[in-house]
Amino acid sequence: MIKLTYCLHRLPSLTRAEFQRYWRETHAPLVAAARDALGIRRYIQQHTVDSAIGAANNEGRGIPYGDGEDFDGVAELWFDSEEAVAAAVATEAGQKHARILFEDEANFIDFGRSRCFITQANEVIG
């Protein structure tokens, strides 16, 4: 399995609450609808919360934090393999759903400040 991870910043016109509500209530159903066409095995939204523990952790390490610094959330999507993703997006249905997701993401994600990468798990505690 591989995981596609998006570290998301919201558009400047949105508050964090507006971003997270849109992501949860509008975008998530679109991802669910794309599940079969894109071969999505698992999808998790990690919504950033204000936290004294998080702030202390970052401050102690010299990591910038707070509104405008923190990512507003992290999306995690699991797939069988890179080859499976490539095969899925080569189909008409896969292309349709990929386009729908991308077009909707432009409604709430600041692409220039967000990050995306593919990972493989190295379980240490589990």
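Predicted model: local features only at pLDDT ≥ 70, side-chain atom pairs only at ≥ 80, totals over all residues.
Residues are numbered from 1 along each chain as its sequence is written, and side-chain values use heavy atoms, with hydrogens and water left out.

The chain contains 4 helices and 4 strands. Helices (H or I, at least four residues) and strands (E, at least two) are DSSP runs, numbered from the N terminus. Along the sequence these elements follow the pattern β-α-β-α-β-α-α-β. The C-alpha trace of the chain spans about 45 × 40 × 20 Å along its principal axes. Of the 126 residues of the chain, 33% count as buried; buried means under 20% relative accessible area, exposed over 50%, and partly exposed in between (1.4 Å probe, protein chains only). Of the contacts in the chain with a separation of 6 or more, 83% are accounted for by residues 24 or more positions apart, a contact being heavy atoms within 4.5 Å.

The 4 strands form an open sheet in the order β2-β3-β1-β4, with antiparallel pairing. Two strands pair if DSSP finds at least two bridges between them. β2 (42-47) and β4 stand at the edges, each with a single partner strand, so one side of each is left without a neighbour in the sheet. From one strand to the next the twist averages 15°. Axes are lines fitted to C-alpha atoms, for helices over the stretch in contact, and angles run from 0 to 180 degrees between N-to-C directions.

Strand β1 (residues 2-8) and strand β3 (residues 73-79) run antiparallel and are joined by 7 bridges. I2 has F79 as its bridge partner in β3, and K3 has W78. β2 and β3 also run antiparallel, joined by 6 bridges, and H47 stands opposite G73 in β3. β3 is mostly covered, with 6 of its 7 residues buried. Helix α1 lies across β1, β2 and β3 and runs at about 170° to β2.

In helix α4, the buried residues are G94, H97, L101, D104 and E105. Seen down the axis of α4, these buried residues fall within an arc of 105°, so they line one face of the helix; the arc is that of the directions from the helix axis to the C-beta atoms. An α-helix has 3.6 residues a turn, so residues three or four places apart point the same way. The buried residues of α4 pack against α1 (16-38) and α3 (82-89). On the other side of α4, E92 and F102 are exposed.

A search of the whole structure finds 0 disulfides, a disulfide being a pair of cysteine sulfur atoms within 2.5 Å. The sulfur of C7 is 8.5 Å from the closest cysteine sulfur, that of C116, which is too far for a bond. C7 counts as buried because its relative accessibility is 11%. C116 lies in strand β4 and is partly exposed, with a relative accessible area of 41%. Leaving aside neighbours within four places in sequence, C116 is in contact with L4, T5 and Y6. The C-alpha atoms of C116 and V85, 31 residues apart along the chain, are separated by 15 Å.

E123 is found in the segment after β4 (115-119). The relative accessibility of E123 is 63%, so this residue counts as exposed. E123 and D67 are 56 residues apart in sequence and 31 Å apart in space, C-alpha to C-alpha.
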